[in-house]
Amino acid sequence: MFTKKSFTAAFLTVILWFSTALPVSSANVTISAPSAILIESSTGQVIYELNATERRSPASVTKIMTLLLTFEAIDAGKANLSDQVIVSRHASSMGGSQVFLAENETQTLDTMIKCIAVASGNDASVAVAEHIAGSEEAFVALMNRKAEELGMVDTHFEDCCGLTDSDNHYSTAKDIAIMSRALTTKHPEVFNYTTIWMEDIIHETAQGTSNFTLTNTNKLIKQYQYATGLKTGSTSKAMFCLSATASKDGIDLIAVVMGAQDNEHRVQDAQTLLTYGFNVCNLYIDANQEDLAPLPVEKGVEEEVDLVIFGEFRYLDTQGSDLSAMVKIKELPESVQAPVVEGSQVGRVRYYLNGVEVGSVPILCGSSVEKAGYVDYLKKIWQLYLL
C-alpha cells in the first residue's frame with residue numbers, strides 16, 4: 001500500500017529541483033565578485049545570478065562534495081561517525097589549510113568532519129576520502145560521478161580538497177549552488193558542524209598528546225546573524241570563494257561567490273546577496289496533508305480506490321505578490337476503470353495566483369485494483385442476494 005509519507009518523501013526529492021519564476025534582474029544588486037548566484041534552497045529557484053556558468057577554480061569549496069559523499073556513506077551504512085579514521089602518509093603531507101594530522105594518527109569520523117567543515121583541513125579531507133573509498137583517486141571518481149548525477153555540467157574534480165592548481169579542476173557558481181543544496185537539504189545535520197565557531201580537538205600521536213583549536217574559516221558565522229554555513233575556499237588561482245547558507249523566517253538561502261579579491265569582499269558580497277534575498281523572498285507552502293475521498297472504480301474487484309496527493313507544494317515569490325490570494329483547484333475524473341495501478345496518476349492539484357497557474361502536484365492512486373472477472377461478478381451477485 002502506498003503511504004502518504006512515502007509519496008511525500010519521493011515527491012520532495014524530485015520537486016525541489018524545479019522552479020517557476022525567473023531570476024531577479026542583476027540591476028537590483030551590486031557586488032564586486034565576477035561570478036555569483038543566489039538561490040532559495042527548498043525550491044532551487046534562482047533569485048540572482050552573475051556569470052553563474054563561468055568555469056572557475058573552486059579551491060576548498062570543493063569540500064562540499066567531499067562532505068556530501070561522506071554523509072551519503074553514513075546514511076548507506078558504509079561509514080559511521082564513530083569510525084576510527086587512520087591518517088596515511090599521503091593525507092598528512094597535504095599543504096594549504098590543514099589541522100596538522102600526523103601519519104598513523106587516528107581520529108573519529110565525527111572529528112574529521114569537524115576538521116573539514118570548520119577548519120577546511122586538506123589533510124582531514126584526504127584521510128576521509130581514503131577511509132570511504134580506499135584511495136583519494138577512487139573517491140574523486142565518486143565525486144565526478146555524483147556531480148554528473150546532480151546535473152553539474154560544468155564541474156570536474158581532480159582532488160577531494162581543492163588544493164590542486166590543475167586547469168582540469170573547475171566548477172561554476174551554479175554548480176556549487178547545486179551541490180550545496182544537495183548537501184544541506186538531504187543532510188541538514190551538516191549545520192551541526194558548519195555553525196561551530198571554535199572547538200578544540202586532541203592530537204594523540206607517538207610524540208604525545210596536544211590540543212588543537214579549530215577556527216571557522218567562514219567569518220559570516222560571526223558577522224551575519226542568519227548564517228548557517230557553508231564552505232570557504234581560496235588559492236592564488238581561485239582568489240576568494242564562498243558558498244554561504246543562511247536561514248530566516250522559514251526561508252533558506254544559498255549564496256555562492258567566486259573570484260572575490262579578498263576575504264572581506266567575499267563576505268560582504270555573500271551578505272549583500274543573502275540580505276537582498278531575505279528582503280524580496282516570500283514562500284508559499286501547502287503541505288497537502290488533507291484526506292481525499294476515495295475515487296469510484298468501474299469494473300474492478302474493489303468498488304473504489306484511495307487517493308494520495310503526491311507531496312507538498314512550494315512557490316517562491318520575489319515580486320511582492322499577495323500569496324494569500326493563491327487558489328487551489330483539484331482536478332479529478334468522476335471514476336476510473338480497472339485495472340488500476342498503485343501510484344498511477346488520476347488527477348492533479350493546480351495552483352493559481354492572480355489567474356495564472358504557478359504550479360501543480362499530481363494526485364495518485366494509493367493502491368492497485370484488479371479488473372473484475374466472471375467469478376468476481378458471481379461473488380458480487382451472491383453478496384447482494386445475501387443482503
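Colleague: How many helices and strands does the protein have?


Modeller: This is a predicted model. Its secondary structure has both helices and strands. The tally is 11 helices and 18 strands.

Colleague: What share of the 387 residues in the protein is buried?

Modeller: A residue is buried when its relative accessible area is under 20%. Among the 387 residues of the protein, the buried share is 49%.

Colleague: Take contacts between residues at least 6 apart in sequence. What percentage of them join residues at least 24 apart?

Modeller: Contact here means heavy atoms within 4.5 Å. Of the contacts in the protein between residues at least 6 apart, those joining residues at least 24 apart make up 66%.

Colleague: How are helix 2 and helix 6 oriented relative to each other?

Modeller: Two packed helices are described by the angle and the distance between their axes. The axes of helix 2 (residues 63–75) and helix 6 (residues 136–149) come within 10 Å. They cross at roughly 95 degrees. That makes helix 2, relative to helix 6, roughly perpendicular.

Colleague: Which residues make that contact, and how many of them are nonpolar, polar and charged?

Modeller: Helix 2 brings M65, T66, L68, L69 and E72. Helix 6 brings F139, L142, M143, K146 and A147. The residues of this contact divide into seven nonpolar, one polar and two charged.

Colleague: Are helix 5 and helix 6 roughly parallel or roughly perpendicular?

Modeller: The axes of helix 5 and helix 6 come within 8 Å. They cross at roughly 85 degrees. Angles of 65 to 115 degrees count as roughly perpendicular. Helix 5 and helix 6 are therefore roughly perpendicular.

Colleague: Which residues of helix 5 and helix 6 meet, and how many are polar?

Modeller: V126, A129, E130, I132 and A133 come from helix 5. They meet E136, A138, F139 and L142 of helix 6. The division is seven nonpolar, two charged and no polar.

Colleague: Is S120 buried or exposed?

Modeller: S120 sits in the loop between helix 4 (109–117) and helix 5 (122–133). Leaving out residues up to four places away in sequence, S120 touches S60, K63, S97, C115, T217 and K231. Its relative accessibility is 3%, so S120 counts as buried.

Colleague: Which are the edge strands of the open sheet of four strands?

Modeller: The order of this open sheet is 13-18-17-15, with antiparallel pairing. The twist averages 25 degrees from one strand to the next. An edge strand pairs on one side only. Here those are strand 13 (307–309) and strand 15 (327–331).

Colleague: How many residues apart in sequence are the parts that the pair of F313 and Y351 ties together?

Modeller: F313 and Y351 form a stacked aromatic pair, 3.9 Å centre to centre with 5 degrees between the planes. F313 is buried at 6% relative accessible area, and Y351 is buried at 0%. F313 lies in strand 14 (residues 313–317) and Y351 in strand 17 (residues 345–353), so the pair ties together parts whose separation in sequence is 38 residues.

Colleague: Which residues do ring pairs link into a cluster?

Modeller: Rings pair if their centres lie within 6.5 Å. By this rule the count comes to seven aromatic pairs. The cluster linked by ring pairs consists of Y224, Y226 and F278.

Methods:
Residues are numbered from 1 along each chain as its sequence is written. This is a predicted model: local features need pLDDT of at least 70, side-chain atom pairs count only at pLDDT 80 or more; totals for chains, interfaces and linings use all residues. Side-chain values use heavy atoms; hydrogens and water are left out. Axes are lines fitted to C-alpha atoms, for helices over the stretch in contact, and angles run from 0 to 180 degrees between N-to-C directions. Helices (H or I, at least four residues) and strands (E, at least two) are DSSP runs, numbered from the N terminus. Angles under 35 degrees count as roughly parallel, over 145 as roughly antiparallel, 65 to 115 as roughly perpendicular and the rest as oblique. Ala, Val, Leu, Ile, Met, Phe, Trp, Tyr, Cys and Pro count as nonpolar, Asp, Glu, Lys and Arg as charged, and the others, Gly among them, as polar. Two strands pair if DSSP finds at least two bridges between them. Rings of Phe, Tyr and Trp (its six-membered ring) pair if their centres lie within 6.5 Å; planes under 30 degrees apart count as stacked, over 60 as edge-to-face and the rest as tilted. Buried means under 20% relative accessible area, exposed over 50%, partly exposed in between (1.4 Å probe, protein chains only).
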